[in-house]
Amino acid sequence: MTPTPTSRAFEYAPAPESRAVVDIKASYGLFIDGEFVDGRGTSFKTVNPATEEVLSEVAEANDADVDRAVKAARRAHDRVWGPMPGRERAKYLYRIARIIQERGRELAVLESIDNGKPIRESRDVDVPTVAAHFFYYAGWADKLEYSGYGSTPLGVAGQVIPWNFPLLMLAWKIAPALACGNTVVLKPAETTPLTALLFAEICQQADLPPGVVNIITGAGDTGRALVAHPGIDKVAFTGSTDVGRAIARQVAGTTKKVTLELGGKAANIVFDDAPVDQAVEGIVNGIFFNQGHVCCAGSRLLVQESVADEVLERLKRRMSTLRLGDPLDKNTDIGAINSAEQLAKIRELSEIGEREVSGAGERWAPPCELPATGYWFPPTLFTGVTQAHRIAREEVFGPVLSVLTFRTPAEAVEKANNTPYGLSAGVWTDKGSLILHMANRLRAGVVWANTFNKFDPTSPFGGYQESGYGREGGRHGLEAYLKGTQA
Amino acid sequence: MSRIDVRKTSKLYIGGAFPRSESGYSYAVNDARGRFVANAALASRKDARDAVVAARKAFGGWSTRTAYNRAQVLYRVAEVMEDRRPQFVEAVRQAEGLNESRAARVVDEAVDRLVWYAGWADKITQVTGNANPVAGPFFNLSTPEPTGVVAVLAPQASSLLGLVSAVAPVVVTGNTAVVVSSYDRPLPAVTFAEVLATSDVPGGVVNILTGSAATIAPWLASHMDVNALELVGLAGDAALAALATELEVAAAENLKRVRRAPAAEPDWTADPGLAAMTAFLETKTVWHPIGV
């Protein structure tokens, strides 16, 4: 399964990363209180989305398992992790960070196999950022009194993460929680549990005290049981806005603290004075990075009318050079869609989009051979899109770009902000004052100017409005896991 | 013959104007000993919606004013309040059943609280924002921004100091507010509205509804153009716990930020800290490459 260049300009020889580095077990249990135990629910299979090959059988945690995990976390919090001096907690986190670096190749390959993302991304983005995140928060563990949020942990955190960046989202959740003295019960997504389970082994390797990190696998029911458990003090969730809403309802009337990192429909705004080649790279990175399975993806291109034709032409040319195929091939740009279910959703919205723009614009994808097995969707754009179209309003969570135009900065602001979401936005222009003007007026938690999809452990991430609340990363990310200085 | 006094039926404060309730209803307000003082407008669902429209309309202008200007505007409110101390002392005395000197202390504290919050307008960004040293050639800055339209259920017991302590932190950072006053003790809020109207606060930045939180709040909690809820007005009343949960459930529909009610009404004379401001702030992070 050689990655197929969508243009025949360059033929690359296959350059697959070796799978030999990973050892996937036939089955996995739940990681509770420092050891792997059997789950009492119905186990489920995780598949390689690029081949549909079954990778492993994974335990499902039922309510009793959730209860066992929460109790283990509570014991570990009260007896070990809470009372432990911050500088000792820090050293465990540093250990974990170092092991992640040492086992980086293994983690990257496993992530690409289970998730379908190109090895170039898991190797160069996901895993290094995971290690960096643990290093960053390790250093906070003994400095919390300088954070502005106090130094008292909340207790036990219940954390539910999505399948798009399985290990990176785990790091975003676990590193700050542990640094602040909380213990965690984390549920990875049902389609991507394997790197979380390898992380459990890393916790063992680091001699992390039992119960500080508990990993329970399962689907929606397991997540709901965790969020509803009276023994947790904190819910941290990354995923869809619908599930976020359900969680907000579930915790109503409790004292649980909640952070939600939800969907987005980011505008990527290109002005007529923008350096076109850089902007085109930014558009491509904004929407096709990680197959568009990115909550902050730049899924709405707003391009100034005077340069729309030129930008579109160059964008199409660039899209024609993207290589889609084997996620483990080092030349692959676009990997597999994570699941059959997600592929069906992307296809459905794209078909709706095709009907919506018919007559006014087009659905376009470069000529692109899709592998016969696995879940694939070509990089696609829609022109002639209006703000009322579903393709411009709903999160596709796939490699699908809606193109809209504008004439004035005011119109760009209005269109960009015309969404219930508010996670991220992009601005491309050579004019500094215009960048700052736009950055002020865009109602979004992250504004990338002349760049896009950049992440760093020191930089807070999170949304306005229906993109959720709370921040992850940076000093601000500590607030989610500390009691604050208020009585 | 002694003079017949002119009795006042107070009105609502919406968009800088003083309408009567659209419903036409008013209710009798008694003092702490149960003696009739005045009639107050009983705000309806429609009034709440009008107030949200006014607050949304005011948000763009208020949130983009300079922080220095917002500080000036709030300080001016304190000046005008100070000027009307006797009226406030009388209102607090009646509402809360305090003697003259205790009521005066409450008013002093309320004015001082406003001055304190006014000063935060151009400092909160520095205290809650920061530059982020990312591992790459990028400028990266995180700053707070107002959440939007905030519905505030004002405290039931502390009719002036509690009111000011709940409203000032919301608007000083650039949010606009729809406030539901104490039901039994609405008159200090009415006088406060008259102060707002005669100082430099733009119409719609603070809207004050007198009436029942239990009646009005569900409409605010489910309103899709309200961004956040301050529930402190439900504190200290166990009978309202179910209402608080109901409001939080309704708020989930558009993921409003909800500041839950504490078990008991806070001690309003204590140092407020930053929490009442930061609960209604978003953090925006801006990236830009550095290079030649």
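Guide: A residue is called buried if 20 or more other C-beta atoms lie within 10 Å of its own, exposed if 12 or fewer, and partly exposed in between, with C-beta atoms placed from the backbone. This is a predicted model, in which local features need pLDDT of at least 70, side-chain atom pairs count only at pLDDT 80 or more, and totals for chains, interfaces and linings use all residues. Residues are numbered from 1 along each chain as its sequence is written, and chains are lettered from A and ligands numbered from 1 in the order in which they are written.

Visitor: Is Asn290(A) buried or exposed?

Guide: Asn290(A) is buried, because 24 other C-beta atoms lie within 10 Å. Its phi is near 55°, a positive value in a residue other than glycine. Asn290(A) is found in the loop between helix H9 (276–288) and strand S13 (300–304) of chain A; helices (H or I, at least four residues) and strands (E, at least two) are DSSP runs numbered from the N terminus.

Visitor: And what is the phi of Asn450(A)?

Guide: Asn450(A) has a positive phi of about 55° and is not a glycine. Asn450(A) counts as buried because it has 20 C-beta neighbours inside 10 Å.

Visitor: Which strand of chain A pairs with S10(B)?

Guide: Strand S19 (residues 446–449) of chain A pairs with S10(B) in the parallel sense over three bridges; pairing requires at least two DSSP bridges between the strands. Within S10(B), Val286(B) is the bridge partner of Val447(A).

Visitor: How is chain A divided?

Guide: Chain A has domain 1 (13–262 + 465–481) and domain 2 (267–449), with bounds from an automatic or database domain assignment. Taken over C-alpha atoms, the centres of these two domains of chain A are separated by 30 Å. In the contact between them, 26 residues of domain 1 of chain A meet 26 residues of domain 2 of chain A. Helix H3 (104–115) and helix H4 (119–140) of chain A are the elements that give two or more residues to the domain 1 side.

Conventions: Two residues are in contact if their C-beta atoms, placed from the backbone, lie within 7 Å.
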